[in-house]
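I set out to go through this structure one feature at a time and to write down what I looked up along the way. The entries follow the order in which I took up each topic.

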2 protein chains.
Amino acid sequence: MTTARDPEDLLQRARSGERRALGQLLTVVERGGAAADELTRLAHPLFNGAQIVGVTGAPGAGKSTLTGKLTRLAVINGDRPAVLAVDPSSPITGGAILGDRVRMNDVAGEELFIRSMATRGHSGGLALAVPGAIRVFDACEYDPIIIETVGVGQVEVDVAGTADTTVVVVTPGWGDAVQANKAGLLEVADVFVVNKSDRPGADDARRDLEMMLDLSHVTGQEDASGYRPPIIMANSLDGTGADEVWKAIALHRAHLESTGQLAVRRRGRLAAEVRNRLAELVDVSIDELMESSDSRALLESTNQKETSPAHAARQLLDRLFG
Amino acid sequence: MTTARDPEDLLQRARSGERRALGQLLTVVERGGAAADELTRLAHPLFNGAQIVGVTGAPGAGKSTLTGKLTRLAVINGDRPAVLAVDPSSPITGGAILGDRVRMNDVAGEELFIRSMATRGHSGGLALAVPGAIRVFDACEYDPIIIETVGVGQVEVDVAGTADTTVVVVTPGWGDAVQANKAGLLEVADVFVVNKSDRPGADDARRDLEMMLDLSHVTGQEDASGYRPPIIMANSLDGTGADEVWKAIALHRAHLESTGQLAVRRRGRLAAEVRNRLAELVDVSIDELMESSDSRALLESTNQKETSPAHAARQLLDRLFG
């Protein structure tokens, strides 16, 4: 039976420009399960090759405002951008109770689609939902697709890092560049933005980043073609620097295409998605196993100090694969 | 053969007070593998029941300084505290290049052990290393054991949330309490600290937290015994409020003991550790599978749009369990 929420019907309507159907498809993606799998099967062959831009950085760095400016530049350029804003999950609220998203209303229009996504429960949901949402946007001919994430957790950094072009936003102030480095953001950056560049310490932040890039050159971050992430001073409130960020993204894309890196990144993204899907399926099996009476007995024995946690885990592994 | 790094020998020396042996044991924990499993087997039955205190919050909230004050109070009280400071992982640096840890030198002494831990590669390492380190500290009769984490990623929140008592530190300023809520910190908090309480907005932050606690009361966060996390105004620079935080931790511990929740939390922590260990073992199997020629062919077919990523993952699941 074909219902109003049938993925095939929704996809057809979304591809013909029906925004509400697109919104419903993204809900299908968020919810996961069989309908999301079916949607993946239908949308995967429709690949259009939109540019995927990740925008990430610490909370309060001005990611949303910069994303808004970039989106506006895309619209002016005649593009059809989509924005996916990812919120950290919360078991109770299911996401943000107040979000950055409200600030972006001023650019919302027909040629632009903005969606915020909250993943419930465990972080694995995010790793599956983001590629799913990208696939849907791409099949509906949105391009570029901007993914905005708070660059603070491993999953969030992974999500940002699998974009075609990853923009890392830092702000002036002692330690911000250092914090970005600690969070693993420096390794995934293709373009750096020092935002709020009118504030004291902006030049220091730039110097810190240059120094870290010099160091990472030694450890091999710079690829064979000699690409080095540019550092752009910006002020997203008055729009300073947004043009330059936009150009840097285009330059990086050209670099990816000319060096064959674009295809490599896409293959890598797909492999990561398949692996994350597999891990998710295995996770369900692990949950079932943990609820079994065998596992409960083993956990009680561990609690009584008769079995070590390491030994208990190995016993359970045998049962999982046995 | 018994070597200098033999876990049994190291554990014996650490338990007789040799600080260097304790440091080496923590390195064994960090590195994981067979030696860490052996250490787990040896240390697990030595459980002394130290109080585990998690201190978490956004970067720059003043966690380290507060932890320092609490540690000093513990020493004055005649306790033997240990601090485990967890750094976000970085593939390149293997952790912090500049860390909060330096600020805590002023309290270091014989009755105190401070260790910072950086986990390499993937976030799973942290979920295994922290319980391992707690076990070692506990076996060596350190009590309380304070775990300081940046409360920003799911793994970090999980780590903080599995302590006996979790202290969540926020600072004044619009949205900080909201950010803490988005990151899932509110659900795991047993004690709130509004740090830097001399700054504008401190009362607002307190009100925001009270409001969120009122809301969470509706959704059932407050347990049946009526425990509600206290909100303490503090200024970790001049030490204001640290005494009160210390007392709140002791009160929460008494609450856990009188309601039987302490045993429940300990069992939950052990079950989570066993599950994380199992997931880690499975992860190795998944990595091996992903590198197989079968998987490579399947990924290429996915890349050619002939196979959907969802279908590819199911095929791989069959091979993993087949």
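This is a predicted model: local features need pLDDT of at least 70, side-chain atom pairs count only at pLDDT 80 or more; totals for chains, interfaces and linings use all residues.

Strand S7 of chain A covers residues 231-233, and three bridges pair it in the parallel sense with S6(A).

I then asked which residues cover the two faces of S6(A), residues 191-194. Val191(A) and Val193(A) lie on one side, Phe192(A) and Val194(A) lie on the other, and all four are buried.

**Chain A as a whole**

For context I looked up the totals for chain A, which has 13 helices and seven strands. Of its 322 residues, 49% count as buried. I also looked at contacts in chain A with a separation of 6 or more, and 74% of these are between residues 24 or more positions apart.

**The nonpolar cores**

Next I asked which residues touch the most other members of the largest nonpolar core. They are Leu25(A) and Val245(A), in a core of 72 residues. Helix H5 (residues 124-139) of chain A gives this core its largest share, ten residues. The core also draws at least three residues from each of two domains of chain A, domain 1 (1-46) and domain 2 (47-121 + 140-261).

Leaving aside residues up to four places away in sequence, I listed what Leu25(A) touches: Leu10(A), Leu11(A), Ala14(A), Leu39(A) and Val136(A). Apart from this core lies another, of 71 residues, and among its members I noted Val55(B), Val83(B), Ala133(B) and Ala189(B).

**Helix H3 of chain B**

In helix H3 of chain B, residues 33-43, I found Ala36(B), Asp37(B), Leu39(B), Thr40(B) and Ala43(B) to be buried. Seen down the axis of H3(B), these buried residues fall within an arc of 160°, so they line one face of the helix.

I looked up Ala129(B), which has its place in helix H5 (residues 124-139) of chain B. Is it buried or exposed? Ala129(B) is buried, because 22 other C-beta atoms lie within 10 Å and the cut-off for a buried residue is 20 or more. From Ala129(B) to Gly173(B) I noted 44 residues in sequence and 34 Å in space, C-alpha to C-alpha.

In chain A I turned to Arg265(A), which is in helix H11 (residues 261-290). Arg265(A) has 17 C-beta neighbours inside 10 Å and therefore counts as partly exposed. Not counting residues up to four places away in sequence, Arg265(A) touches Asp164(A) and Leu256(A). Arg253(A) is twelve residues from Arg265(A) in sequence, and their C-alpha atoms are 11 Å apart in space.

**Backbone points to check**

I went on to the peptide bonds, where I found that a cis bond joins Asp143(A) and Pro144(A), with omega about 5°. Pro144(A) is in the loop between H5 and strand S4 (145-150) of chain A. In chain B, the peptide bond from Asp143(B) to Pro144(B) is cis, with omega near 5°, and Pro144(B) lies in the loop between H5 and strand S4 (145-150) of that chain.

The loop between H5 and S4 of chain B also holds Glu141(B), which has a positive phi of about 65° although it is not a glycine. With 13 other C-beta atoms within 10 Å, Glu141(B) is partly exposed.

My last entry is Lys196(B), which is not a glycine either but has a positive phi of about 55°. Lys196(B) lies in the loop between strand S6 (191-194) and helix H9 (202-219) of chain B, and it is buried, with 23 other C-beta atoms within 10 Å.

How values were computed:
Residues are numbered from 1 along each chain as its sequence is written. Chains are lettered from A and ligands numbered from 1 in the order in which they are written. A residue is buried if 20 or more other C-beta atoms lie within 10 Å of its own, exposed if 12 or fewer, and partly exposed in between; C-beta atoms are placed from the backbone. The arc is that of the directions from the helix axis to the C-beta atoms. A nonpolar core is a set of buried Ala, Val, Leu, Ile, Met, Phe, Trp, Tyr and Cys residues joined through C-beta atoms within 7 Å. Domain bounds come from an automatic or database domain assignment. Two residues are in contact if their C-beta atoms, placed from the backbone, lie within 7 Å. Two strands pair if DSSP finds at least two bridges between them.
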